[in-house]
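Hi everyone, thanks for coming.

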Amino acid sequence: MDDLKAIKLQAYLDGELTGTEAAEAAKWLAGDPAARALATELENTIAAVRGIGPELKLPESREFYWSKISREIERTAAVAAPAAAVLWWRRLLVPAGALAIAAAVLIPLAAHYRQAAEPPLAAGTHSSTYSFYSEEGNVTVVWVHANEGGTANGN
Amino acid sequence: MKRAACAYLLVWLVIAASFFGVAGAAETPGELKVQIRLIWGTNEAKPDDPKLKELEGPCKGWMQKFKWKNYWEVDRKTVSLPPGQSKKVPVSKLCEVELKHLDKQNFEVKLFGEKKLVDHRMRESLANGRPLIIAGDDKNDSAWFVVITLSPENDPAKPVAAAKP
């Protein structure tokens, strides 16, 4: 069984799937002995850890949550740094410079977008997402799932 | 003669203005470059398309976690974002991501499909080379991946954005 299926099964057991997705998972669970074995294992684990401590769910990833704590610590300890002095004439030159380079940048950029490939990608409007984090790879993955009635590639 | 001198001065003024314009733009404190790569995963052999490139760097390792045999880089874009600012970046004809630089190396990512918001819950720290991968199934048992990382062009010595009060 691949990792994605295992994660989906876990989401189903946690009650995170709804509608068609939940029905599909239930059907799959009923017909696949390997899925049932994993489900039993997961349910045993859930039963074993239930009640050990309060369940706290964070809306953000733990790195982001920690960064908020870190920000607050720094905010309270921060000493306002003196703003960098900017010469008045340089302020005038910034918009002038931007105008001068705008034509040079925008024309090739527009040409680039005209020539850009059409990659096989367009998230459909009838989509749901679920995310998971690989501690081993330090990677967060958000999987966009096209529900029935919509398509992941919009084609 | 006087007219020639004026023209000469004007040319130099434009060159100097361009230089200071670029320098001024690059000096925004805490500004970070973010790289957005579109990757296609498939079990098929490489199609005859010169735009598809081999994966390189740590991205190759991240993709090995998934089930497909081959992965090709379809497109790559880099955007610069000062803290507090957001930008929409098209990744295909119908799909785009909106990146908001919250502060430090923290970003909020919104995914739009056909101009409609698909997911708005993604808030990630991209510190230490950590990627955010948005992915989905595609036709013919293939898959697409949008890999968002900090660009290696960022100066590691440059201080990250200050915390907001």
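Let's begin in the loop between strand 8 and strand 9 (142-150) of chain B, where you'll find Asp141(B). Keep in mind as we go that this is a predicted model. Asp141(B) has a phi near 55 degrees, a positive value in a residue that isn't glycine. Why mention that? Most residues other than glycine have a negative phi.

Asn128(B) is not a glycine either, and its phi is positive, at about 55 degrees. With 77% relative accessibility, Asn128(B) counts as exposed.

Now over to chain A, and to strand 2 (residues 139-146), which holds Thr140(A). Is Thr140(A) buried or exposed? At 7% relative accessibility, it counts as buried. And which side chain does that of Thr140(A) join in a polar contact of 2.7 Å? The partner is Arg130(B). Leaving aside neighbours within four places in sequence, Thr140(A) is in contact with residues including Phe132(A) and Tyr133(A), along with Glu124(B), Pro131(B) and Leu132(B).

Last stop, the surface. Tyr65(A), Trp66(A), Ile69(A) and Ile73(A) form a nonpolar patch there, and together they have about 410 Å² of accessible area. Tyr65(A) sits in helix 4 (residues 62-77) of chain A, and at 36% relative accessibility this tyrosine counts as partly exposed.

Conventions. Residues are numbered from 1 along each chain as its sequence is written. Chains are lettered from A and ligands numbered from 1 in the order in which they are written. This is a predicted model: local features need pLDDT of at least 70, side-chain atom pairs count only at pLDDT 80 or more; totals for chains, interfaces and linings use all residues. Side-chain values use heavy atoms; hydrogens and water are left out. Patches are made of residues with over 30% relative accessible area and no salt bridge: like charges are joined within 9 Å, nonpolar side chains (Val, Leu, Ile, Met, Phe, Trp, Tyr) within 5 Å. Accessible areas come from the Shrake-Rupley method with a 1.4 Å probe; for residues, only the protein chains shown count as cover. A salt bridge is a side-chain nitrogen of Lys or Arg within 4 Å of a carboxyl oxygen of Asp or Glu. Helices (H or I, at least four residues) and strands (E, at least two) are DSSP runs, numbered from the N terminus. Buried means under 20% relative accessible area, exposed over 50%, partly exposed in between (1.4 Å probe, protein chains only). A polar contact is a pair of N or O atoms within 3.5 Å; within protein, one must be able to donate a hydrogen and the other to accept it, and residues adjacent in sequence count only if both atoms are side-chain atoms. Contact means heavy atoms within 4.5 Å.
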